[in-house]
Amino acid sequence: MEDRRPTTVAARRRGQPARPDRGARIASLMNAARDGSEDALGQIVAELSPLLWQVARAAGLTSGDAEDVVQTVWLSLLSHLHKIRSPESLTAWLVITTKREAWRVRAAGRRQLPADLDWFDATPDPAPGSEDQVIIDDQRRALWTAIGRLDPRCQELLRIVAFVPRPDYAAVAARLGMRPGSVGPTRGRCLAKLRAELARGDEGSPA
Amino acid sequence: MKPPGAGGWPADDPLDETDLQILADIHDLFQAADPMPADLPERIRFSLALRDLEVEVARLAAEEDRQMLAVRGPEQTRTITFDSDSLTIMIRIDQNRDGTVRVDGWLAPPQPREIELKTTSGALDTASDEQGRFAFASVPQGTAQLVVRPAEGAGGSGRSVVTPALIL
C-alpha cells in the first residue's frame, strides 16, 4: 500500500509496543506486586503513568489536578490489585479509573479549566534545526491541525489510545465504549476521520 | 458511512500499518507537547510504599493558600482538605522560622487514631485526641504523606486511610 508519510521518529518506535514478552513481564510484575514487592509495583508505575497522565490531561484537568488524580488512581489500585488478573485488564482498569477520577474532580469544580480544552491552543513550537527536523515539524503540524478538526470526543480518545500498549488496545477500547472488532482492534470512527482529515490536508498543500 | 477520499478508511477495518504509525506519531506529539512531569513516578512510588495493603484513599478535596501578614513579614499558610469514604482530614501547614513546617490536623468525625506522617527522611508518629486533633511541630519540607490508622487498642478494626503525597 502506498504510504507517503516519510520515515519519522514513529517508525523507530514501531514494533516496540508489540514486544511479545511484554504481557508475560507485566503479569509477573503484577504477581510480585500482589505479594508486596514495592519494586515490582514501581516498575508498573513507571511504565503506565505516562498513559494515565495523558488520560487525565485529555479530560481537561490542570497539571496539578492531573498529578493528584494519577496518584490517587495508583493508591486505589492497592486494594484492587488482587482482583485484576491480566495485564490488559490492568491497563483498562487504570484508564477507566483515571477517567472517573478526572470527572469527579471536574464535577467538584475545583480549579476548573474553561470548557474548551486549553491544551489544544498551544501548537508545539517548531525548533529550528536540520532539514529532517523541518520535515518532521511540518508533519507534526499537519497532524496537530488534523486532530484539531476532530470533535472533542475523538481528540480525547485518540490521545488516550496513542499511549496504550498495543496488546491492550482491544481491552481498553471495549472499556471506553468502542466497538471491538471480531479479530483484534479495528480502526474505529475517530481514526477513520483523522485519516480523512490528513488526506484533505495533503490535497490542500503542495506536496 | 465512508469518509470522503478515494477508497476511504472504513472504521470497521482492522488497524493497518499506517494507522499504527499515525498513533505512534500522536504519541510523540503529545509526549512532546504535554509530557508527564518527570518526578511524578517517584512521588507515586513514595506514596505506594505502605505497610498497609488494604487502604482507603483520601482524595484531595480543597486546597487554599493564604499569605498571612505576620509581624516579621508575610507568612504562607496552606490549608488542605482530604475526603475519604469514612473520614475527612483537614491540615494546616505553617512555616517555622528554621525552615521546617508545622502541621496541625483535624479528623472529622472526631476520633482518636494513630497518625503517621511519612517524609523522605523517615516517618513521624503521633495520635489524634478525642476531638480528632493532632499536630507535628517540626516537619522537614518536601514530599510527605499522611496515613491514619486505627487507634491502638481499638480492636485493630477499620482500614487505614491514606492521602496522596504532597509537597510541604
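## A walk through two chains and their contact

B:Pro109 sits in the loop between strand 5 (101-108) and strand 6 (113-119) of chain B, where helices (H or I, at least four residues) and strands (E, at least two) are DSSP runs, numbered from the N terminus. The model is predicted, so that local features need pLDDT of at least 70 and side-chain atom pairs count only at pLDDT 80 or more, while totals for chains, interfaces and linings use all residues. Residues are numbered from 1 along each chain as its sequence is written, and chains are lettered from A and ligands numbered from 1 in the order in which they are written.

Is B:Pro109 buried or exposed? B:Pro109 is exposed, because 8 other C-beta atoms lie within 10 Å; a residue counts as exposed with 12 or fewer such atoms, as buried with 20 or more, and as partly exposed in between, with the C-beta atoms placed from the backbone. The peptide bond that joins B:Ala108 and B:Pro109 is cis, with omega at about -5 degrees. Along the chain B:Pro109 and B:Leu87 are 22 residues apart, and their C-alpha atoms are separated by 6.6 Å.

Read from the N terminus on, its elements run α-α-β-β-β-β-β-β-β-β-β-β-β. Of the 168 residues in chain B, 31% are buried. Two residues are in contact if their C-beta atoms, placed from the backbone, lie within 7 Å, and among contacts in chain B between residues at least 6 apart in sequence, 47% join residues at least 24 apart.

Chain A, by contrast in its elements, has nine helices and zero strands. Buried residues make up 39% of its 207 residues, and among contacts in chain A between residues at least 6 apart in sequence, 71% join residues at least 24 apart. One of these helices, helix 7 of chain A, has seven of its 10 residues buried, so it is largely enclosed by the rest of the structure. The buried residues of helix 7 of chain A include A:Leu157, A:Leu158, A:Ile160 and A:Val161, and also A:Glu156 and A:Arg159.

How do the two chains meet? The contact takes 55 residues from chain A and 46 residues from chain B. On the side of chain A that touches chain B, the largest share, 10 residues, comes from helix 3 of chain A. The residues of that side divide into 28 nonpolar, 12 polar and 15 charged, where Ala, Val, Leu, Ile, Met, Phe, Trp, Tyr, Cys and Pro count as nonpolar, Asp, Glu, Lys and Arg as charged, and the others, Gly among them, as polar.

Two packed helices are described by the angle between their axes and the distance between the axes. Here axes are lines fitted to C-alpha atoms, for helices over the stretch in contact, and angles run from 0 to 180 degrees between N-to-C directions. Helix 3 of chain A and helix 2 (residues 40-48) of chain B pack with their axes 9 Å apart, at an angle of about 135 degrees. That angle makes helix 3 of chain A oblique to helix 2 of chain B, since angles under 35 degrees count as roughly parallel, over 145 as roughly antiparallel, 65 to 115 as roughly perpendicular and the rest as oblique. Among the residues that make this contact are A:Leu41, A:Val45 and A:Trp53 of helix 3 of chain A, and B:Leu40, B:Ile44 and B:Leu48 of helix 2 of chain B.

Helix 4 of chain A also packs on helix 2 of chain B, at an angle of about 35 degrees and with the axes 10 Å apart. This contact is made by residues including A:Val70 and A:Trp74 of helix 4 of chain A, and B:Leu40, B:Ile44 and B:Leu48 of helix 2 of chain B.

Within chain A, the axes of helix 3 and helix 4 come within 9 Å and cross at roughly 130 degrees. In this pair, residues of helix 3 of chain A, among them A:Leu52 and A:Ala56, meet residues of helix 4 of chain A that include A:Val70 and A:Val73.

The largest nonpolar core has 84 residues, and those with the most contacts inside it are A:Leu52, A:Ala56 and A:Val70; such a core is a set of buried Ala, Val, Leu, Ile, Met, Phe, Trp, Tyr and Cys residues joined through C-beta atoms within 7 Å. Helix 3 of chain A gives the most to this core, with 10 residues. Not counting residues up to four places away in sequence, A:Leu52 touches A:Val70, A:Val73, A:Leu94 and A:Thr98.
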